[in-house]
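Please open the structure in your viewer and keep the selection tool at hand.

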Amino acid sequence: MSAPTNAQFLSNCTVDSLDQAALALQKGALIAFPTETVYGLGADAVSSKAVARIYEVKGRPSDHPLIVHIPSLDSLDIWTSDLPVYAISLARDFWPGPMTMVLPRSDVAKDFITGGQDTVGLRVPAHPLALGLLNSFKKIGGLGIAAPSANRFGQVSPTTAQAVEEEIGQYLMPTDFILDGGPALVGVESTIIDCTQPSPRILRLGAITKEMIETSSGLKVTDNEANDVRVSGSLEKHYSPKAKVILDALAESGEGFLALSFIPTPRGAIRLASPSSVDEYARTLYSALRAADAQGIAQIAVIPPEGDGLALAIRDRLLRASRGRDSQ
Ligand code: TXA
Ligand code: MG
């Protein structure tokens, strides 16, 4: 099933291999690497040529902005032209971690990163391999790593290195790398916060919740209704497996079923995951959807978790998955 990759697949990353990957980045290679949310497909964020390859490999429209990953909040000044006080507070409280801030860009953030917008998305990821790679890259003069989720456009984000290989392995080159850092601990993409206004606004739900943002910033989070910012995760059809996803339904015989562990599997249904908590639900969500596709299951019935915070982020992704797949 799994498409072979030409890239170098590294299972036991040492400091030396991270240095090697950082050097490759500098030469224009792509490095797929683990983060605590999902795996990213990284390129040198100041190289238009390297970044162009991300769009090719993902099959993603090139006017979609990319998140720049940085080693610490000390790098914020390089990439931004204006930093509201509340953004500094959010960075101190939640970085390294599953939060992306959209801020006014500096001259370093070119149009090929921002999709021509005057803002740039920035994140310090928490995975030790991601931080190791970012620090190795910084040592040799790297300013940041542009990295979208390492999936083909519109499809489910990969949460393991094997899923990365299946998704995009065939499009990578022998000079590229896939770094294996085990299954992602959070499992859904970072919370994206627009920090260009007097108060923060959530553009994409994630593990950093509205309540956490309000507590850290001391500000009310504004509503996202009049959202005019381009966030590809906001496209109607996104995060979709091949299988049809039906929400709040019990599975028929032969169909896939995903629900918290206390909900029994309907007779004849194929249980895809039995998470016992909302955290575990997030962690197993994408691998469960992938498992359904790998088994050729046509339809998945899903009972989403209830509640706020991460449960809201999971319901958001499932709602999009239920709207079906992008035609590409
Ligand atoms: O958890 C994550 O955020 C993962 C890991 C790899 O860090 N990355 C990720 O990247 O999910 P991606 O490209 O799949 O989704 C990032 C979203 C896109 O929908 C993009 O449109 C939005 O962030 N974005 C990036 N820069 C932006 C900006 N300047 N303004 C508005 N949205 C932006
Ligand atoms: Mg994505």
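In this tour, two residues are in contact when heavy atoms lie within 4.5 Å. Please bear in mind that the model is predicted.

Select helix 1 (residues 15-26) together with helix 6 (residues 128-139). Their axes come within 8 Å and cross at roughly 60°; the two helices are therefore oblique to each other. The crossing of helix 1 and helix 6 is right-handed. Now display the side chains where they meet: helix 1 contributes Leu18, Asp19, Ala21, Ala22, Leu25 and Gln26, while helix 6 contributes Leu129, Gly132, Leu133, Ser136, Phe137 and Lys139. Sorted by class, this contact comprises seven nonpolar, three polar and two charged residues.

**Second stop: a buried arginine**

Next, select arginine 53, which is located in helix 2 (residues 48-58). Is this residue buried or exposed? Buried means under 20% relative accessible area, and arginine 53 counts as buried because its relative accessibility is 13%. Leaving aside residues up to four places away in sequence, arginine 53 touches Gly28, Ala29, Leu30, Tyr171, Leu172, Met173 and Asp176.

Finally, select helix 8 (residues 210-217) and highlight its buried residues Ile213, Glu214, Ser216 and Ser217. They cover an arc of only 165° around the axis, so they are on the same side of helix 8. Just after helix 8, select glycine 218, which takes a positive phi of about 70°.

Conventions. Residues are numbered from 1 along each chain as its sequence is written. Chains are lettered from A and ligands numbered from 1 in the order in which they are written. This is a predicted model: local features need pLDDT of at least 70, side-chain atom pairs count only at pLDDT 80 or more; totals for chains, interfaces and linings use all residues. Side-chain values use heavy atoms; hydrogens and water are left out. Axes are lines fitted to C-alpha atoms, for helices over the stretch in contact, and angles run from 0 to 180 degrees between N-to-C directions. Helices (H or I, at least four residues) and strands (E, at least two) are DSSP runs, numbered from the N terminus. Angles under 35 degrees count as roughly parallel, over 145 as roughly antiparallel, 65 to 115 as roughly perpendicular and the rest as oblique. A crossing is left-handed if the near helix is turned anticlockwise from the far one by less than a right angle, and right-handed if clockwise. Ala, Val, Leu, Ile, Met, Phe, Trp, Tyr, Cys and Pro count as nonpolar, Asp, Glu, Lys and Arg as charged, and the others, Gly among them, as polar. Buried means under 20% relative accessible area, exposed over 50%, partly exposed in between (1.4 Å probe, protein chains only). The arc is that of the directions from the helix axis to the C-beta atoms.
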